[in-house]
Amino acid sequence: MSHLLPWLTALLCFTMVVAALVAIRGKSTPIAILAAGLVSLVASVLFLILASPDVAMTEAAIGSGLTTFLFFFVLGRVRRGDHG
Amino acid sequence: MDFDWMKIPYAFLTVFIVVNYGFLMGALIQKIGARAGRRHGIPIWQYYLDVIKNYGLRSSITHGVMFYLGPVFRLSGGVGLLLFMPVIYGSYMFSNFSFAGDLILALYFVFFGTLGMALGAGESGHPHAAIGVTRGLQQVSMAELPFAMAVFSVALQYQTLSMTDIVAAQQGGLANWTLFTNPIAVAAAMLAFLGSMMRPPFDVFIAPQEIPIGPPTEYHSSYLALMQTNRAIFPVAKIVIYMNLFFGGAGSWPELFVKVFFLYLFSAFVGVCFPRFRVEQSVRFFLVWGVPLGILSIMVV
Amino acid sequence: MVKRLIALALLAVFGAVFATLLLGYTPDSELNLTARYYAERTAAELGAANIVTAIVVTYRGLDTLGEVTVLFLAAAIVGLVLANSRPGQARERAPVGELLTTGTRFLVPMILLLGVYVFVNGHLTPGGGFQGGAIIASAVLLMLLANPLRHFSHNLIAAIESLAGLFYVTLGLAGLFLAGGFLDNRILPLGNLGELISAGAIPVIYSLIGLKVGAEFSSMLASLAETEEL
Amino acid sequence: MAYLAMATGFLLILIGFYGALTNRNLLRMIVAFTIADTGVNIVIVAIGYMRGRTAPILDSTVSAAAAVQRIIDPVPQALVLTAIVIGLGVTALMLAYAYKLYEKKRTLDIARFTELKG
Amino acid sequence: MNALYLIAIGLGTAFLLGLLNEQRRDLAYTLTLGALTMMSAISASWLVVFVATGAGAVDIFTAGTRPPFAINLRMGLTEATLTLLINLTGLFAAIHMGEVLLAKGRRAMAVLLIAIMALCGIVLTRDIFNLFVFFELIVIATGGLVLLSDDEHAVSAGFKYLIVSQFISILLLIGIIFGYHATGTLNIDGMAAIGAGGFALAFFLIFIAIVAELKPFPANGWALDIYESAHPGFSAVFSAATGSAALFALDKILAIGGPAWYPVATAIGIVTFVGANLLALPQTNDRRLLGYSSIAQTGLILTVIGQQDILGNQYLFIAGGLLFAHAVAKAGLFWLSDFVAQRELTAWASLKERPLLVFAFVTFAAMLSGLPPFPGFYAKWELVHALAAADRLALLGWILFGALVEAGYLFRWFGYLIKRESDEKVACTAPQVIPVAAAVLAGWALGFVWGDLSGRSNLLLVLPLLFALGFLLIEWAPAWAKNLLAIGGLSFYLLQTWQDYDPLRLIFLVIFTLGGAIIFLASFHAHGRRIGFYPSAMLMFAGLVLLIQATDSFGFFAAWELLTVGSYFLILRGKESEPHALSYIVFSLGGAFLILTAFALANAVSPAPTFEIAALATLAQPVAPWVFLLLALGFMTKTAAIGLHIWLPGAHAEAETDVSPMVSGILLKAGLYGLFVLLMSMGRQSLYGVDLVNMLLWIGALTALLGNLMAIFQEDAKRLLAYSSIGQMGYALFGLALMNHLGWLMALMFVINHYVYKSMLFLSVGGVAKRTGTRAMYRMGGLITLMPLSFIATLIGIIAMSGVPPLSGFGGRWIFYNAIMDAETRLPMVLIFLSGPIAFLYLFRLIHTIFLGQLKDEHRRIKEAPASIVLPQMIYVAILMGVALFPGLILRRVDAYISQFLPDGALNWDGLTITSQYGWWNPVAIMIVVACIFLLIFGWLLFVNRKAQKVKQFNIVFSAERPYRPETTHFAWNFFAPYKKAMGFLVQPFVTRFWGAVTDLLHTAGDLGRRLYNGNGQIYAFHFLAFVVVVFAFKAGL
């Protein structure tokens, strides 16, 4: 198990970077938001690997959960004019 | 030197001599000028006639207090200037009130009459009076500059501001005259002299033969007589300054008469030869020719 | 395009700075002074098994108080910002699915319970007030999703939030009088390490935090939910 | 591992910054910031990580006495907790602002809100 | 009270508000105010304890654990003062914003409370992460409070702020965590003990993040938008409280970085100070301008923080002085801005109907400009001295330059306030008034405290100044009563102190006091209460007498600033004087800064707590010539030497009738006094082989010439006199620079004469202008019969001034000629020779075109000037006559006094004749001779022409016509046209163009800088990142 951890970490990191790039450069805002949420979610797994369960929980609950919902709330309100 | 009651009759005597000399010399110069122009000219006693006539005329008008006082200022300026100077070198009798002040007093007192006259003429309300005054002032402001510098140069040369001392330093022969010991200063001063003698080419502000402009425009009768009297005294007094500073002064009245006459003639001579300058032209003239000479004279002394 | 290039150029410098930091970084082999103190003394001093919690609630309690205040502020300001945007009357909305409604009814109590569990056990296990608060808020979120027209009592939320906050501050002040200082948890007996009722005031405080955070998140969500679609 | 995580964290920060600098859409800027925030959190946690140690929680496997040798540095974790919550607060606030701005101008383009300048 | 209560009360109350019913807003508001009051009281109690006992700082532990394992706070003198400032600002802001807080409800109040609490937290905490948390609280609270504004742009401003804050906090966090990793602690003191050497990069990130909270130029666009759009009540907090807290935070952080980072802080600070001030120049929006000014002031304090290595134990005094002056004044101005309906600077004119608000504005502007008696003045003094002592002259120069620019726009603004028109009515409500009043009180109280702490004379205990300020309290009294009091005060002061002075000082003192009293006689013509006149005038006179009193450099400089400010207010009272008063104050302050620098340089080489003026004599190379140069330049701005003269004509001409003589006849002498003192103590100095005194000689001569030359081309009588003053001051400067006995005597004679005849002429012309309603001379004419007394005064004045015997002016000329006989340099004399006759031209113009020539129809019924204006003129005529006859009365003693310094060439005063080594002069004899000749001739004329009658106006010979229109017959306009043709090239407005170009350049720079701020929040983020990069490069290159 432990020898797999670095690979897993690398995979997670790669995923985060890709997701982050999608969030930044992607055309669609909802997908960007989801990608950002994904970054956060993956990060919380990474935190677990880094022996930080408290942080992992928080990141999962707040960073990826609540934040994403907040985004969608607002996005839902302003969707029509979203051409920026 | 100090005051002494005897100075009062002496002063009157000085004034008397200078007035007569002034009348005669003025007419003479006028006549010379006329002859040079192939005209007959005025009789030598013409100025006496004019003055007597004008004193005799009774005028009943005045434009106001300053108007009334203008000629008084004018003549006071001339007489005062004369009396504040040692006219005849070495003579107690004709050193008059020179104990009251030195060369500087004389230089500044020149303006006393000018100022009063200008104010008097101004009150007449005649625009030409003001035009004349301004022209005169403008020209004289620049014309006086080389002279002031020459005076400074001479004062530096002799290390004194006393006119008597300056004359004293020039005694002992022609070569001791400032004319030869400090020719540049004299040259500068003589340019200024031309400018301040109200003769062509620097006479645009007096211009008597044209439409009447200039300070005397509104003056007539006894006012004019006072001014005519001053015309006799003032140039002489002024030339005396030049004579004392640059031409060895005069040890006696005849010497004075001769020197003053030739100096006066000099201005007349130049005047005959040149056409009249406009004011800005004469200002520029003195700026370009007089001032550098004056500066030079200060620098080399 | 120029903007992007400039951005890249600027970020290149930052990248260099970060790279320098990264390359200069050597992991500690031993705990540093502060961490060592916490590792050695937390259990004895504060009686909390979860050292992170002990730090969060007590040693760095002032930070946490500030943190809670950040949320309080954010909630208040979100409320303020959106205050004028609230619609005057109820909006027409398409009904949401039956599944969601039913699911909500079933799930909400369980989620709430889970949230409470998380913050009550904060001093023992991973998790605590913030995580628990977030979980509680997710219950509210669920309810909002199920019934967008639901009107939450802002006063209720505010009251919970305020009371929790007040108690928090009061407990902190009690530390001044009863124990070693502001936010000292030893105003209550420390109990035995690892038990639920232990670690002095930490569970109480963390619970208050949980309530407060939950209320604050809920308040934010509710405020946002009540805005009008533009 | 920590290096990798930290590098990723930094990379996320840079990506987030880039996004915030180049996206004119308000919401996308905020998204970019959350990514950068996540990056910061990763960096912080990575700093505290020590190979071969466990989470700073005392339980049956980690006794209080052995803690010094067994656990990783708890402080960064405490800090990250705070940072995450603060990040959420700021994000929420920015979202509310974005909504308000949109309400005013019906656009999310940051370049349109330039009445105040000079 | 434990300092933690500051936080607990703030937070607790904020939470408590949530429990209240949303409808109980009054209660919530009361609670808020109560909490803020209690917090203020706690801070105040700490402050009292620290001040009373001198106790050291107290550490406050949390969590029952010692630092670095738990967060600790610290309460010391600085912290107590700062938290008091913050809490009071918060309290008054809450009062000020009462209406909007009540409207928005408890949430808004909670946000405000938390903001104030967090600011206190920033000040108190010793933990760096805790600092971060508090900063985040501030960011969010700011984001919320911005919204209290009714400006719809506030939202976008807030968003821009949040964007940049995100960048800042990310950098800060990274810095903190790496700092922690390097040191194993988060405690600031713990980190400081280890030092930032091992984690310089991380520290850089922390540093730059905190610096960014100070809104450094140019990465501060967002802050300006907030200042512009936020509610002014909050802007006050944002400027005064947030700025102070952030500065203190930076100060704390720098303890970690250590001295290696001071230069960085200094560089950022000074760039911010100068840059923000430049950008403030072209602003027209009041709040945005205040924002720029706030940023600039913060930059200045940051500079001071960066210079703490050389400030020693003065550090807190200086930083505190600047900080409090800035905070109180800025808060006050922001609050004041609420009285103004529109946001243009010119709209502030609506305040002028309310003298108390004007007074408040003056207080704040003076505080910001560092004028006495406010804390900034003392701080500036010490700062400049410390910088000079450490040889950091470039920095010193930039600081003063920035301060000058700042004073420029502040006083321009004040000019708008006083001079522009506005229809708006100002409504005052108690919540608006209380905070402003509190700020005013605080300002004066701080002035007192700082004066007390300064270890120098506390200006607010100086009697003449108090006397002047006392007039503020009796503004309700009628003008005549105040006038009596002013005359009495000046005379009393003279009576009390005249024995203390040597003859030279006594002459100046007499002119300043008795001279002032005589001019005040003319002020009896004013009716009503004449609000603002007496405090300003007496402030100027207080400065003048203090100048004479001063023996050390501090007293001298303080007096100098006081008289400058007083005279500025006086000048500003003129109808069209707005731009002229502005250029006056800018030039004067510039000159004052030069003087300050000179004193600082001098003090630097001969270190002593107080620098005696007399010690100037002991200065040696290489400092001495520089000191000389700076002082001379400073004094010459006051005497309006050529090149520095452009402020004078407008300022003197546009001033009120009785103010013109004050500023011309009296105020100019202050500059001469300075030059006297300078030359007396320092003598000849040369720099790079150039004899500086010789330079002065040239400047004096040029000034005399060009001043006079410009005077002759003026159509405006008072302008003519003003230019004439320039020329006259040139003469006096020339005399001084001759550096011989008679030169000084002449200068002194000019001091007296110029006072007498210039005051007289200004009064006379002022009286005429008052009656005719114009100052254009060509529109006057022929007034001699209607205003004979004014005419006489003018006549005597111009005779005296032109130097024609027998009046006193001649004495001056005579001494002058004797003096130049001794001079080594001859060339400058030429200019003086020329300027003499030119003076004649304008004097003639003055008297002719006003009193002679043709009377205009519309003036036929005017009367002599009011008796109160004529009376002093007659006194002057008497004085002139007296001085003309017996100059020895005054000059003899001075002559003897000067002999102490220049023994050669003293005059001989035996009998009535005054003798020098070259010539002589007998004023009495001259007078008698002239009078006799004059009277004789006058009598003769009366005799031959006794029946003369005055004729009517147009009874003149005029080309055989009788003119009928006085306008066409009065030769007055463009009087000296030929001269302009011939000499006009000398009076091309080169100097005006030069200074105009300088001003334009500054404005253009400011305008170009403004383009940076294009309003796009994203671009502001670019600015910030670029700023970080630049600072990084700077630090790396250091």
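**Notebook: domain and chain contacts**

I looked up where the two domains of chain E meet: 13 residues of domain 1 of chain E are in contact with 12 residues of domain 2 of chain E. Contact here requires C-beta atoms, placed from the backbone, within 7 Å.

I noted which elements line the domain 1 side. Those giving two or more residues to it are α33 (808–822) and α35 (867–885) of chain E. Helices are DSSP runs of H or I with at least four residues, numbered from the N terminus. α33(E) gives the largest share, 4 residues.

I then sorted this side of domain 1 of chain E by class: 9 nonpolar, 4 polar and no charged residues. Nonpolar means Ala, Val, Leu, Ile, Met, Phe, Trp, Tyr, Cys and Pro; charged means Asp, Glu, Lys and Arg; the others, Gly among them, are polar.

The model is predicted: local features need pLDDT of at least 70, side-chain atom pairs count only at pLDDT 80 or more, and totals for chains, interfaces and linings use all residues. Residues are numbered from 1 along each chain as its sequence is written, while chains are lettered from A and ligands numbered from 1 in the order in which they are written.

I checked the bounds: domain 1 of chain E spans 462–907 and domain 2 spans 913–946, from an automatic or database assignment. Their centres, over C-alpha atoms, are 31 Å apart.

Next, chains A and C. Their contact takes 15 residues from chain A and 17 from chain C. The chain A side has 10 nonpolar, 3 polar and 2 charged residues.

Last, chain B. Its pLDDT (the predictor's confidence in each residue, 0 to 100) averages 87, and 95% of the residues score at least 70. Residues 208–213 of chain B fall below 50, with 8 contacts beyond near neighbours in sequence. Where pLDDT is low, predicted coordinates should not be read in detail.
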